[in-house]
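Please open the structure in your viewer and follow the stops below in order. Each stop names a selection and then describes what is found there.

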Amino acid sequence: MSDRHFSQHFETVAIHAGNTADPLTGAVVPPIYQVSTYKQDGVGGLRGGYEYSRSANPTRTALEENLAALEGGSRGLAFASGLAAEDCLLRTLLSPGDHVVIPNDAYGGTFRLFAKVVSRWGVEWSVADTSDPAAVRAAITPRTKAVWVETPSNPLLGITDIAALSHVAREAGAKLVVDNTFASPYLQQPLALGADVVVHSLTKYMGGHSDVVGGALVVADQALGEELAYHQNAMGAVAGPMDAWLVLRGIKTLAVRMDRHSENAGRVAEMLTRHARVTRVLYPGLPEHPGHETAAKQMRSFGGMVSFQVEGGEEAAVEVCNRAKVFTLGESLGGVESLIEHPGRMTHASVAGSLLEVPADLVRLSVGIENVDDLLEDLKQALG
């Protein structure tokens, strides 16, 4: 990344970092290097550092430079999915016998990775309310190597004070990992607040159009970045060139999309607080949200995710999801179109029966960038 990006605003960096004009044609968009291998200039003579696209690909390089610039990190790494990024991180940081503190409100896939995959490798984990630094400190053991945070969290929109938790982790000699998927680097930059590693599902707001699956890690420490890059190549779950190109394209409009997502979500949350059938609204932009002050301190705005609980229990929540028309019933989030889902039966089914089990009457919304009046009317009719 050129030094000129350091003095520029986010919107400018999002468009230009990693996006140098093609030297052959002058094309302003990086080409899709749909290639597996590269002609070498003699044995061991790599042209531009490229030999095989698992190790490096120019389109992926452009995305990784962009990611590092947006998060203010020293190194960005792009993967085939968010869980692939998490897997690489955990197998880089941890050894059998190590311990991780995970949040009591985490994405179901992340919980499944810890509970069903990493634990079989001899890594232990315990659950804590990461919005409470004292609870995290109490959960840390002499073998704790990482503290894992989602803020805002999925699906209960919990907020963690990243700066406060960075001190807790640092005192214990542990890495603070922050999943920044819900906020995106436009709304929140964890590395600047003391985090060691940022995790993204690029599938969500970074791609922004529900047409790509990808993941990313961004780190502050160059040495950790090199270690992760070694494992990325050794394990091989890298982002393909077409996927990298799609995410780069999405990032260029991230700022304007996030502004609209946040504006629409705020309107939706306010309407839901007044609806007779809604018993609770979870949105950090609401003054009554327990994490509102922290979110206002560390986020530019409050994001596009809203969860709420309805009277009538699980069946009533499922019926709301089924009745929606403008909101599409589907998993995932962060696209320009609005989505609705029942976490207990869909994205978070894997946490059933655990300490992370979500309320059965919970509905999660990914509020898109449609006209907000249409979204409000759709939710009103879905709620009945």
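**The whole chain**

The protein chain carries 31 positive and 44 negative side chains, and the centres of the two sets are 3 Å apart. Here Lys and Arg count as positive and Asp and Glu as negative, while His and the chain ends are not counted; the place of a charge is NZ of Lys, CZ of Arg, CG of Asp or CD of Glu. This is a predicted model, in which local features need pLDDT of at least 70 and side-chain atom pairs count only at pLDDT 80 or more, whereas totals for chains, interfaces and linings use all residues. Residues are numbered from 1 along each chain as its sequence is written, and side-chain values use heavy atoms, with hydrogens and water left out.

Display the chain as a cartoon: there are 13 helices and twelve strands, where helices (H or I, at least four residues) and strands (E, at least two) are DSSP runs numbered from the N terminus. The radius of gyration of the protein chain is 21 Å, close to the 21 Å that the globule rule gives for 384 residues, so the chain is as compact as a globular protein of that length. This radius is taken over C-alpha atoms, and the rule is 2.2 Å times the number of residues to the power 0.38. Of the 384 residues, 54% count as buried, that is, under 20% relative accessible area (1.4 Å probe, protein chains only).

**Helix H4**

Next, select residues 108-117, which form helix H4. Seven of its ten residues are buried, so H4 is largely enclosed by the rest of the structure. Among the buried residues are Phe111, Leu113 and Phe114. Their cover includes helix H3 (82-93), strand S2 (99-103), strand S3 (124-128) and strand S4.

**Threonine 144**

Now select threonine 144, in strand S4 (residues 144-150). Is this residue buried or exposed? At 2% relative accessibility, threonine 144 counts as buried. Its side chain and that of histidine 99 are joined by a polar contact of 2.7 Å (a pair of N or O atoms within 3.5 Å; within protein, one must be able to donate a hydrogen and the other to accept it, and residues adjacent in sequence count only if both atoms are side-chain atoms). The threonine 144 side chain also reaches the backbone nitrogen of threonine 141 at 2.7 Å.

**Glutamate 64**

Finally, select glutamate 64 in helix H2 (residues 58-71). At 12% relative accessibility, glutamate 64 counts as buried. Leaving aside residues up to four places away in sequence, glutamate 64 touches Gly76, Leu77, Ala78 and Gln232, contact meaning heavy atoms within 4.5 Å.

How values were computed. Buried means under 20% relative accessible area, exposed over 50%, partly exposed in between (1.4 Å probe, protein chains only).
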